Amino acid sequence: MSRFWRPGSEKPSASLVDDEEGGVLFLPTNTNASSSSSGFGYASLERLRQRLPVYKYRKAILYLVERHATTIIVGETGSGKSTQIPQYLKEAGWAEGGRLIGCTQPRRLAVQTVASRVAEEVGVKLGEEVGYTIRFEDETNPGMTMIKFLTDGVLIREMMEDPLLSKYSVIMIDEAHERSISTDILLGLLKKIQRRRPELRLIISSATIEARSMSTFFSNRRKNSLLKPADGLPNPEPAILSVEGRGYTVETHYLEEPVSDYLQAAVNTVLIIHEKEPPGDILVFLTGQDDIDAALKLLNDEIQHLGKHYFDLVILPLYSGLPRGDQDLIFAPTSKGKRKVVISTNIAETSLTLEGVVYVVDSGFSKQKCYNPISDLESLVVAPISKASARQRAGRAGRVRPGKCFRLYTEEYYLNEMQSDGIPEMQRSNLVSCIIQLKALGIDNILGFDWPASPSPEAMIRALEILFSLGILDEDAKLTVPIGFQVAEMPLNILQLAT
Ligand SMILES: Nc1ncnc2c1ncn2[C@@H]1O[C@H](COP(=O)(O)OP(=O)(O)OP(=O)(O)O)[C@@H](O)[C@H]1O
């Protein structure tokens, strides 16, 4: 293993420079995209790993993780962040002595697929050295598992048993741009844990995260400007690393004119791709199950009408409520002469690699939570996605071969009107379950909690009022015994229903 940089050795690259503002390190953009070659089918998995853009940064990543408490890694979709970084950490010894390398994903499907890919690359049985935990499913082996993938919700629940997450040496919060409530709670809690466990390393990674604001959040400079790393401890100031290069090119196509019916436009685009483009599966992003069902029906009607050539299309839905067996169909290889069309919600937006997918169709919409604290009404509305989401969607192509992304909106709209980032879920949700979770973890001063994005005071006060009226919190805003503590044991989404 001598080619791997190991903790304690020299700075890996002369081109790694200290940022003048202190503590933050950047790599200049002097590397090229690594994997434009063909013939990947003949290469071993190890050679495939080495062709990923992130491979050239392996030493730099290990160096920064060794030296800094928090490392923020920004790299294109498909560059190898989720599958490679945990392996580099293991190879460098971060899982020795019974310690764990944790990697969170915002969604269960991503946890399972990334974990099984990593197990395959490491050459071990899933659930042994490489495992995963999602709600109701624990594929890990205590004492044996070194790399553990899990949802951020599961990691928060682990804190109930082990508040300082003492088993973990490194925790990687992947796809941090998603900013789900769980991710934001986790980021706030991890920042707190770092004060008690300065040796804990955090990695915050995404293709589309605003690295500077994340760095400011984890920076300890404001609190103590004289803070210097103690002997043997990492620098508390975060480092930022930009991984340059992408796997394969993704050609983007926009509509010349806006359309009023994105569903019909999506169906038409699938049919045109099938007629005009070479073989390759299609991944279509719509908003929810109702949309997906309607698109399935429309497509099937068109296929019956258009005739034989279109019978080669194998159409599959994908949404979180779909039974596991049906979800798994999307990973099955496509039979010769057939073309798979997966019609999905944003469940497939991040982390997933669907090997056959060459074409992505992006409707430009998703279902998003929206909350009014005055009426206490929370609803799911169909709303335009952000540029970050659009980039993630496009990034589902170009992972194992070049791809194309068909955006069902105009380029002008994308450039001038689409928001850069989505609003964090925390700022558009009912906060009842979030507050219960924090209380159960012993966070009494909710109003003073260090959030990456503060929720509105109205939503906070409303949630505290509701919890008090239900007898879950007492007059001192503490969890009541036994009701409050019993409710806190319930999973987040059940809590939402219960309140
Ligand atoms: N299940 C799989 N089958 C085939 N190739 C895969 C699979 N999973 C990953 N890969 C390969 O590994 C590459 C890196 O994937 P990885 O998920 O680590 O990238 P990433 O940088 O985390 O991307 P994203 O930001 O989109 O999650 C993919 O582009 C693909 O080439």
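Q: Where does Thr104 lie, and what makes it count as buried?
A: Thr104 lies in strand 4 (residues 100–105) of what is a predicted model. Its relative accessible area is 0%, and buried means under 20%, so Thr104 is buried.

Q: Which residues does Thr104 touch, leaving out those up to four places away in sequence?
A: Thr104 touches Leu150, Thr151, Asp152, Leu155, Met172, Ile173, Asp174 and Leu186. Contact here means heavy atoms within 4.5 Å.

Q: Why is Cys103 called buried?
A: The relative accessible area of Cys103 is 1%. The cut-off for buried is under 20%, so Cys103 is buried.

Q: How do you know that Cys370 is in no disulfide?
A: A disulfide needs two cysteine sulfur atoms within 2.5 Å. For Cys370, the nearest cysteine sulfur belongs to Cys434 and is 17 Å away, so Cys370 is in no disulfide. A search of the whole structure finds 0 disulfides.

Q: Is Cys370 buried, partly exposed or exposed, and what makes it so?
A: Cys370 has 34% relative accessibility. Buried would be under 20% and exposed over 50%, so Cys370 counts as partly exposed.

Q: What makes Tyr254 and Tyr414 an aromatic pair, and why is the pair called tilted?
A: There are 6 aromatic pairs in the structure. In the one formed by Tyr254 and Tyr414, the rings are 5.9 Å centre to centre, with 45 degrees between the planes. Pairing asks for centres within 6.5 Å, stacked for under 30 degrees and edge-to-face for over 60, so this pair is tilted.

Q: Which parts of the chain does that pair link?
A: Distant ones: Tyr254 is in strand 11 (residues 250–255) and Tyr414 in helix 12 (residues 411–416), 160 residues apart. Ring pairs also link Tyr254, Tyr409, Tyr413 and Tyr414 into a cluster.

Q: Why is Tyr414 called buried and Tyr254 partly exposed?
A: Tyr414 has a relative accessible area of 11%, and the value for Tyr254 is 24%. With buried set at under 20% and exposed at over 50%, Tyr414 is therefore buried, while Tyr254 is partly exposed.

Q: How do you know that the charged end of Arg58 sits over the ring of Tyr88?
A: The charged end of Arg58 is 5.8 Å from the centre of the Tyr88 ring, and the distance limit is within 6 Å. The charge must also be within 35 degrees of the ring normal. Lys191 lies over the face of Phe217, at 4.6 Å from the ring centre.

Q: What makes helix 3 mostly covered?
A: In helix 3 (residues 81–91), 10 of the 11 residues are buried, among them Ile85, Tyr88 and Leu89. Just after helix 3, Gly93 has a positive phi of about 100 degrees.

Q: How does the span of helix 14 agree with what its residues should give?
A: Helix 14 (residues 457–469) has 13 residues, which at 1.5 Å a residue should span 18 Å. Its end C-alpha atoms are 18 Å apart, so the two agree.

Q: What puts the buried residues of helix 14 on the same side?
A: Ala459, Met460, Ala463, Ile466 and Leu467 are buried in helix 14. They cover an arc of only 130 degrees around the axis, so they are on the same side of the helix. What covers them includes strand 16 (365–372) and helix 13 (432–440). The face turned away from that buried side carries the exposed residues Pro457 and Ser469.

Definitions and conventions: Residues are numbered from 1 along each chain as its sequence is written. This is a predicted model: local features need pLDDT of at least 70, side-chain atom pairs count only at pLDDT 80 or more; totals for chains, interfaces and linings use all residues. Side-chain values use heavy atoms; hydrogens and water are left out. Helices (H or I, at least four residues) and strands (E, at least two) are DSSP runs, numbered from the N terminus. Buried means under 20% relative accessible area, exposed over 50%, partly exposed in between (1.4 Å probe, protein chains only). The expected span of a helix is 1.5 Å times one less than its number of residues. The arc is that of the directions from the helix axis to the C-beta atoms.
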